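Student: Hi! Could you walk me through this structure? I'm new to this, so please keep it plain.

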There are 2 protein chains.
Amino acid sequence: MGLTAARLVAIGAPLAADEEAAVTAALAAAGVPLEARMVVDEDEAALERALAARGLLTVIVTGAGVSAADVARRTVARLTGARLVLHDRMLAALEEAHRRRDRPLPRREERLALLPQGAAVWPGDGEMAWSLETPDATYVVIGRPGPPVLAELTAMARRGGAGRAAVAVRTLRTAGVTLAAVEERLTPWLAGEASDVTVAVVAVDGEVWARLRARGATLEAAAATLAAAEADVRARLGEDCYGCDDETLERVVGRRLVRRRLTLAVAESCTGGLVGHRLTSVPGSSTFFERGVVVYSNRAKQDLLGVPEEVLRTHGAVSAPCAEAMVRGVCARSGTACGLSITGIAGPDGGSASKPVGTVFIGVAVPDGVETRRFLFTGGRAAVKALSAQMALDMLRRRVGGE
Amino acid sequence: MGLTAARLVAIGAPLAADEEAAVTAALAAAGVPLEARMVVDEDEAALERALAARGLLTVIVTGAGVSAADVARRTVARLTGARLVLHDRMLAALEEAHRRRDRPLPRREERLALLPQGAAVWPGDGEMAWSLETPDATYVVIGRPGPPVLAELTAMARRGGAGRAAVAVRTLRTAGVTLAAVEERLTPWLAGEASDVTVAVVAVDGEVWARLRARGATLEAAAATLAAAEADVRARLGEDCYGCDDETLERVVGRRLVRRRLTLAVAESCTGGLVGHRLTSVPGSSTFFERGVVVYSNRAKQDLLGVPEEVLRTHGAVSAPCAEAMVRGVCARSGTACGLSITGIAGPDGGSASKPVGTVFIGVAVPDGVETRRFLFTGGRAAVKALSAQMALDMLRRRVGGE
């Protein structure tokens, strides 16, 4: 057979960027371009549909570019066998969008109003969305998913889904626990293939997530089935489950600090600012985050944190005494009740027999006292940084305590 | 029609995480789960193949989980109409992998040796890879893309691609320039639809990339065509093009600093550690990165950088004088020749009429002197942080100078 191109399908969770780059390079070495990347739920029917495609609602996002919109309208026409015809309403929308920016519609953009026959142009302020329903599938083409488009999308999905079982989904996110441990605790759910609820356990960015999917005759019925399953799964996960859906670990940490009126300072060596970056991604983080220091050099550790030279000489910068001095120093100098410190060897260089690459010490200070722990993470530089930041935030979450 | 589920296809570049979450929520509100996410090249044939699938090499990555491997083998069997039969070689590989971890193969994992008839089990140290070739498509199923699997993947793609045109690809990455400006400069290339080379311009993570794809009778011919096109495109992009393929802006900045034997310190306010995180993602960054401070509070700006109280009182923390004091302070206190400072309003709160959300001041210090610039970025908190970090690194790249 003649291969035209390649695509990459990850089941359950996306590949790490460096792994994706490695696959791309392996194929490029054969002159076969990797032209599509997918992440598909861990579900046989979902994978089959992703690879062969029937009965799906496909949302195509073109971004701001004219050429991507062109690619989308032509491809949908060809796939559905529909002729391209001029849609007056789309033409008017294009002209209006340009008028607002005080320039006429360029000739080459007029063709964006040529849509497959039968296409519906969506209302909405110049977002240029349209859809086409066929017996086999529904296509929605949008520039960017703004609020009017999203509202229309829900309405269309509801109409399209009428008369068949609805699905309700929830992702329960855990930290500080392995995939195998989560699978073990959820064994009764993972085995129940015929039930109305399916549970998949996946590892995403150094966390382990349990993905729940419940079916019901109506959305309300599906939601009720989901709620019952979720309560049981949450009970099995206990404090290891920190949140659900798009709740992040840093957001939960921030919320707990704010509730207890605690402030935080962070001293990072091998994570290089990642912990500060994650914490300051939380809106309103200035309430709890006082400052951070990225003490990459030994001199910076002494200058900014007062780590004693003797600690560095006797134990080295990657050691429990150094992590403890770092976290005590950053709290003392910033006047915060809580602190985090991370010092380790992210690699690829700098490892030794007693402290191989991936060795990381984390210090956590809360009003109750200071704790340090030693870890040995595996993976490349990016993975060691990510796992260190993850574990530091999770240690703090557990020490700060319940909500 | 009855919609079973939905999938999301982004053309050219992935959606931002918050946009993807918004689409997922819009569909969940209708009880239709978003079960697959794809990123497809800006190319009609590629989009058609992604949606309908023929002549493709599909690489399925299952991760470590047993259940994902199960989903993959069953789905490929069903799609290709192949029976599942016991593959002795896979069974032996499974047993061997468990023996190495000193435990017997669990009963429930034995079924992983049931593969579609005609499947080829790949050599390799326990990575459990296999492939199935049909007249229509080729499927490769792997756990993780380790080196032996990648080498085999290249060999298989080369065999599968024998006799047809090869494709060579290159991504040229720019910084500090808009998508419209790049499109304008590359107009001759974007128009040439019939040529052997196609160029697509896409915005990815606050950067603009030009993706080149060249066809040729052989891989060597495709590479030669690509090289000629690349030289012309690079000439049109000039210094705005900082690198290609998986080269990152931080890596280029680091390389330029090391060549000129310069060291760097960073003072971040609204970016919260993101610049430090990006710079320390570069292996060997301790050669050029001395330290960073995340000065979220005014007190931290005074304590750690010596920003005069008068500057904060007269101009505010988000101002050119503050950015300048920050970058001068961080260089002076750390003894580095180069420095970066970022202070701004990432939102959603904190904006005013004269300094709306998205207002960011960036300071750059090089041996020649200090420069500050004011920006107004649009988008949410994550976008403002990302664009600020990007622009700061790019200003530094240009000031440090050529390679």
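Tutor: Let's start with helix α15 (residues 381-400) of chain B: at 1.5 Å a residue, its 20 residues should span 28 Å, and the end C-alpha atoms are 29 Å apart, which agrees. The expected span of a helix is 1.5 Å times one less than its number of residues. Helices (H or I, at least four residues) and strands (E, at least two) are DSSP runs, numbered from the N terminus.

Student: Before we go on, where do the numbers and letters come from?

Tutor: Residues are numbered from 1 along each chain as its sequence is written, while chains are lettered from A and ligands numbered from 1 in the order in which they are written. This is a predicted model: local features need pLDDT of at least 70 and side-chain atom pairs count only at pLDDT 80 or more, but totals for chains, interfaces and linings use all residues.

Student: Okay, back to α15(B). How many of its residues are buried?

Tutor: 15 of the 20 residues of α15(B) are buried, so the helix is largely enclosed by the rest of the structure. A residue is buried if 20 or more other C-beta atoms lie within 10 Å of its own, exposed if 12 or fewer, and partly exposed in between, with C-beta atoms placed from the backbone.

Student: And what follows α15(B)?

Tutor: B:Gly401 does, and its phi is positive, near 95 degrees.

Student: Now the strands. Which strands does β9(A) pair with?

Tutor: β9(A) pairs in the antiparallel sense with strand β11 (residues 207-216) of chain A, over 9 bridges. It also runs antiparallel to strand β12 (residues 241-244) of chain A, with 3 bridges joining them. Two strands pair if DSSP finds at least two bridges between them. For example, A:Ala166 stands opposite A:Gly216 in β11(A), and A:Leu172 has A:Cys244 as its bridge partner in β12(A).

Student: How many residues of β9(A) are buried?

Tutor: 8 of the 9 residues of strand β9 (residues 166-174) of chain A are buried, so that strand is largely enclosed by the rest of the structure. In chain B, strand β9 (residues 166-174) is mostly covered, with 7 of its 9 residues buried.

Student: How many residues does the contact take from each chain?

Tutor: 116 residues come from chain B and 116 residues from chain A. On the side of chain B that touches chain A, 68 are nonpolar, 27 polar and 21 charged. Here Ala, Val, Leu, Ile, Met, Phe, Trp, Tyr, Cys and Pro count as nonpolar, Asp, Glu, Lys and Arg as charged, and the others, Gly among them, as polar. Two residues are in contact if their C-beta atoms, placed from the backbone, lie within 7 Å.

Student: Which strands pair across the two chains?

Tutor: Strand β1 (residues 5-11) of chain A pairs with strand β3 (residues 56-61) of chain B in the parallel sense, over 6 bridges. In β3(B), B:Ile60 is the bridge partner of A:Val9.

Student: Last one: what does B:Val59 touch?

Tutor: Leaving aside neighbours within four places in sequence, its contacts include A:Ala6, A:Leu8, A:Val9 and B:Val140.

Student: Great, thanks!
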